[in-house]
Amino acid sequence: MRHISVTCEQREAMLRAVGCESVEELFADIPRDARFDRELAIEGGLAEMELVAHVRGLAGANTPAGGMVSFAGAGCYDHYVPAIVDHVLRKPEFFTAYTPYQPEVSQGTLQAMYEYQSMMALLTGMDVSNASLYDGATALVEAAMMAVRITRRRQVVCAGTVHPEWQSTLLTYAAAGNFDVAFVPSRGGAVAFDSEDVTSVLREGATAALLVSSPNVLGNVEDVQRAASLAHETGALLVVAANPLLLAVMASPGDQGADIVVGEGQPLGNAMSFGGPGFGFFACREEYLRHVPGRLVGRTVDMDGNPAFVLTLSTREQHIRREKATSNICSNQALCALAAAVYLSAVGRDGLAATARACIAKAHYLREALLATGRFRAPWDSAFAHEFGLIYDGDVTAMRDALFAQGFLAGVPLSMLGPLDRTGIDPGVADSIVLFAVTEKRSRAEIDEFAARVAAL
Amino acid sequence: MYPDDLRYDKAHEWVRLEGDVVAIGISHFAQNQLGEVVYVDLPSEGESLSAGDVFGEIESVKSVSELYSPVDGEIVEVNDTLADAPETVNEDPYGKGWMIKVRLSDPAQLDDLLSAVEYEALLSEEA
């Protein structure tokens, strides 16, 4: 992006226009102790060649996950991104435009979003998908708020096995006072839907939504079908947060009774990028179409009868409905969603399923290998997909540091994810649990080598 | 344009007394301002309303407005035909375009609403 700096003459002209003698006078209303009154600690300018060397040096100090043998996940996964994804993303027509303010002249962007929506609807088993949201956490909260609007109730029940950071986001929104949140703890790595844990908080006529993630933050599969019937018995909607890549082989939440399906889209063709940006996906049943937050692309025909794409149902949105909009914080992540659309097109239905199956099979192989080292034991016996937790018999930090030095990212300690008090996991073991995620990138040789290094610790 | 047998409110709803129940809709002026109506979101039967409560939303090709109840009472009937034919509100705002029927808690509230003459005076003021 070009930066055109202001000249002294322009600065004087602007000051005259607002009736100030000096910049100091312009800022007079800002308290002195809130102002930065020193020189920036930046040295003098560098020549381009020096600057490139300097920045390369800084970049070289990083250890990107992609350069390691990574078993780290916990929400952000090291999948292979085919070259075609970047190739399409870097087309200036896609790359430089923020959002189509005059949408109908951006047919290419609209078509790409329409295809993204169509593929996400298929994956989730829902009727409609929006054009993406900010991230997985805010997509979950938007779903909760949508359920509050639809049911005109104000209690949201959230599984304690939803990612703790997503729980925090939910509580941040709840602090505004439009809904209350009750959490359900887990037993044995997943929510026990038939226990009093759930039945005691789900209230007929009061609960707007039950929020469940499957796989949950521990990698375990939740009983979504049971969750759906419990929610529906009380007139609440079921919101399922899913991993879109795993949906290629897992039962679709739509078939299991979900009303809204959300999640973090990063696993689909988006690089880990030090944790973001990714994108949130949001799909639901058609009857809730007019309550959907964010942008929707629709297909229609123009005056000559040719297929054409439009931003549709925009009366839901803030440029028309202002404070009554279905969402007022619904940045879409068009470029990241486009990456997902290109990724899905590139790998195809069978390729996506093969990738998901490889992740799941390799994760099960790693778990057996780690248990066989005798250094880990299982905290629970839940069905899982491509991520699982094990209790380490020793100092977790020392173990990870030692393996890091050998080129391995040895999972993510559960305690790193934030407060675990709502998960229901025994605090005595929570600090010893490490989450391991395995993607299609890991080979059997790497997994065997990793297990051998663990055994040798 | 503004039948004499109806009462009106400043939010451009009309009310027609039918026994101890009132039918509620929006005025000719309101439907004309909105333009082509594409969607009407209405509440469920059995819900209670107080005067001034939002009971639904009406969406046209260019905007969305909330629908306000002019009276207190319980919703006894909802015009389901508007779901499939929202344009009825434009075509017949005082007839087939009615939205909900409410059993009045306090029939005296009708006296606080505007007559057709008063409503037309309001419209010319606003213009």
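**A tour from the A–B contact to the two chains**

Begin where the chains meet: the contact draws four residues from chain A and five from chain B, two residues being in contact if their C-beta atoms, placed from the backbone, lie within 7 Å. On the chain B side that touches chain A, two residues are nonpolar, one is polar and two are charged (Ala, Val, Leu, Ile, Met, Phe, Trp, Tyr, Cys and Pro count as nonpolar, Asp, Glu, Lys and Arg as charged, and the others, Gly among them, as polar).

This is a predicted model, in which local features need pLDDT of at least 70 and side-chain atom pairs count only at pLDDT 80 or more, while totals for chains, interfaces and linings use all residues. Residues are numbered from 1 along each chain as its sequence is written, and chains are lettered from A and ligands numbered from 1 in the order in which they are written.

Next, select the open sheet of chain A, whose four strands run in the order β11-β12-β15-β14 with antiparallel pairing (strands are DSSP E runs of at least two residues and helices H or I runs of at least four, numbered from the N terminus; two strands pair if DSSP finds at least two bridges between them). Its edge strands are β11 (376-377) and β14 (412-413) of chain A, each pairing on one side only. Zoom in on β14(A) and β15 (residues 433-437) of chain A, which pair in the antiparallel sense over two bridges; Pro413(A) has Val434(A) in β15(A) as its bridge partner.

Finally, colour chain B by secondary structure to see four helices and nine strands, which follow the pattern β-β-β-α-β-β-β-β-β-α-α-β-α along the sequence.
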